[in-house]
Amino acid sequence: MIAVRYLPLFILLLSLTSCRKEDKEIPIAERIVRHWQFESENPDTNTDSDSLKARDYLTLMSPQAKNKFTFKITENGIYSTGTWNLKDSVLELINDAKPQVLTVDSSVLYLNDSHAKFKIFNEGNELATVSENGINPNLKSDFFRIISCTEKHLILSKNGKLFSFVYIAPVVEGSISLISILRGLLGLAFLILILWLFSSHRKKINWKLVISGIVVQILFAFLVLKVDFVKNVFETAGNFFVLILNFTKDGSSFVFGNLISNPQSLGFIFAFQILPTILFFSALTSLLFYLGILQKIVYGFAWVMSKTMRMSGAESLSAAGNIFLGQTESPLLIRPYLEKMNRSEILCVMCGGMATIAGGVMAAYIGFLGADDPAMQLFYAKHLLAASIMSAPAAIISAKILLPQTEDIDRSLKVSKEKIGGNFLEAITNGTTDGLRLAINVGAMLIVFIAMIALVNYILQDWIGNSTGLNRVIASMTANRYEGFSLQFILGYIGAPVAWLMGTCKEDMVLVGQLLGEKTILNEFVAYTSLGNLKASGAFVEQKSIIIATYILCGFANFASIGIQIGGIGALAPNQKSTLASLGFKALIGGTVASLFTAVIVGAII
């Protein structure tokens, strides 16, 4: 019955994805708008682009994005942002004015038909023009002549030098193949088997709910990745997070000054760009919560899940809230119901918290993975947002297999009236304070856990690996991808089969398996840091592997989260602390498998 009910929607989606536009010549002004990776200076246009590293680039945004550009070539010391113009095959890059204080030592007054304007100078250099239209700074422009612009290559010329760029399309719009579908079905069967083995009441599992949840996830994945209209909606939502990053930079630049303008160091990026993002988004979330806006959005998602999966209203609200809020903030939406929830409902709340990430952390990961490139920030914003939404029904599936619902439930949807603060100023203050705790916690955890990894690797590699000759064997076996016996090597080979089932190619499955292990044993912050480092170094063979890893890591499922939930949710419902403690390990399994559900579905259709 379920398959018949959703069959028309599948047919509609397949018809939408099969539609193709007529081929036509694309004007150069449109063809040039994309993310170009730097290839070489004074190039041989036959350079093999497969060996490129996504470090240096030229990004030209569309007129809808106000013709913004970002230009970075590390070796030449080029890093600039601003707006661009194109006229007669000449590309003009107008650099943003940098905040500075200069002395005005001279000025010239121009009079023309009752109109007047001033030009002001410093040491003979024109700074700006002052007229009735305001102050117009004399912005520095760079001019490049376009020698060639095809679908794959862009060659620019300036002062006798040629700069070659190549376009490598993201592997997001890939075609669906029989092999990918079969691997996806095998992966789904494996995940359901894991949950079934750990289930407390195998005979009471509601398979209709499980199938409904999987169908909802598949439909959502099709919409986000294959239907242009929905993709545009998610890109618009992703732009919101990119704007948040830009707003945060304004505040950070006031406090940290030039420290945030160094795009070369991951440490600088994380400390002075990523952690401040958590502060601002936490404050913004609290304000939206106080104004009641967030509750209305959550109610919409909860209504859909309640109707499609036939679950209790409190569970639906908590699961929907986890899309935007953290694992201890989301239960505030259902605080009046927590004390009376049964074990199955409590597990559903816990799995939901472990399967998704908070909005502030999501914004931070967008900035970290996308670095200072707006196009890449938008790319990862769309996928992280999709991952968090898809993981909400996935967490319900996991929870209801691990601990099926056997008691009557209340299906009414009533959002708690509790607010964060007595007025909007207090809400912002409380959100900032909570964000500060989280940012400090994130920074501290990264310092400690990465130091612990170094300690473990010192023992494994320097003591055991060197004395036994194991390092040489591992380096040879992995073609120097791993230098020796290390924690990353162990986690990688343990998690590799699971990564392959998720759709990762055989060349990258050990790396993705390593990231899965780091996320589960340590935390997702460490894993995303490793993903960013591996991505920047060009370690992955396929970009599809990076996308799958992004979905796998999008969740709070790690051992530390068990304690966080016992303390956080237990403070809201003290009589449930023993239940929370007894279900901690099941919640960890459920949250991990929920993230894998989203990854395997996405891996099957890209």
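**Close-up views of a predicted model**

Helices α10 and α19 are oblique to each other, since oblique covers every angle left over once under 35 degrees is called roughly parallel, over 145 roughly antiparallel and 65 to 115 roughly perpendicular. The model is predicted, so local features need pLDDT of at least 70 and side-chain atom pairs count only at pLDDT 80 or more, while totals for chains, interfaces and linings use all residues. Residues are numbered from 1 along each chain as its sequence is written, and side-chain values use heavy atoms, with hydrogens and water left out.

**View 1. Helix α10 crosses helix α19.** Helix α10 covers residues 343–355 and helix α19 residues 559–572; helices (H or I, at least four residues) and strands (E, at least two) are DSSP runs, numbered from the N terminus. Their axes cross at roughly 125 degrees and come within 11 Å. Axes are lines fitted to C-alpha atoms, for helices over the stretch in contact, and angles run from 0 to 180 degrees between N-to-C directions. V349, M350, G353 and M354 of α10 meet S561, I562, Q565 and I569 of α19, where contact means heavy atoms within 4.5 Å.

**View 2. Helix α3 packs with helix α21.** The axes of α3 (residues 178–197) and α21 (residues 584–605) are 9 Å apart, at an angle of about 170 degrees. That angle makes α3 roughly antiparallel to α21. Among the contact residues are G184, G187 and L188 of α3 and V593, L596 and F597 of α21. The contact residues divide into 13 nonpolar, 4 polar and 1 charged; Ala, Val, Leu, Ile, Met, Phe, Trp, Tyr, Cys and Pro count as nonpolar, Asp, Glu, Lys and Arg as charged, and the others, Gly among them, as polar.

**View 3. Strand β4 pairs with β3 and with β5.** Strands β3 (residues 68–73) and β4 (residues 78–87) are antiparallel over 6 bridges; two strands pair if DSSP finds at least two bridges between them. K68 stands opposite T83 in β4. Strand β5 (residues 90–95) is joined to β4 by 6 bridges, also antiparallel, with W84 and L93 as bridge partners. The hairpin of β4 and β5 has 2 residues between the strands, and D88 there takes a positive phi near 50 degrees.

**View 4. K340 lies in the loop between α9 and α10.** Helix α9 spans 335–338. K340 counts as exposed because its relative accessibility is 77%; exposed means over 50% relative accessible area, buried under 20% and partly exposed in between (1.4 Å probe, protein chains only). The C-alpha atoms of K340 and N575 are 9.2 Å apart, although 235 residues separate the two along the chain.

Note on methods:
Left-handed = near helix turned anticlockwise from the far one by under 90°.
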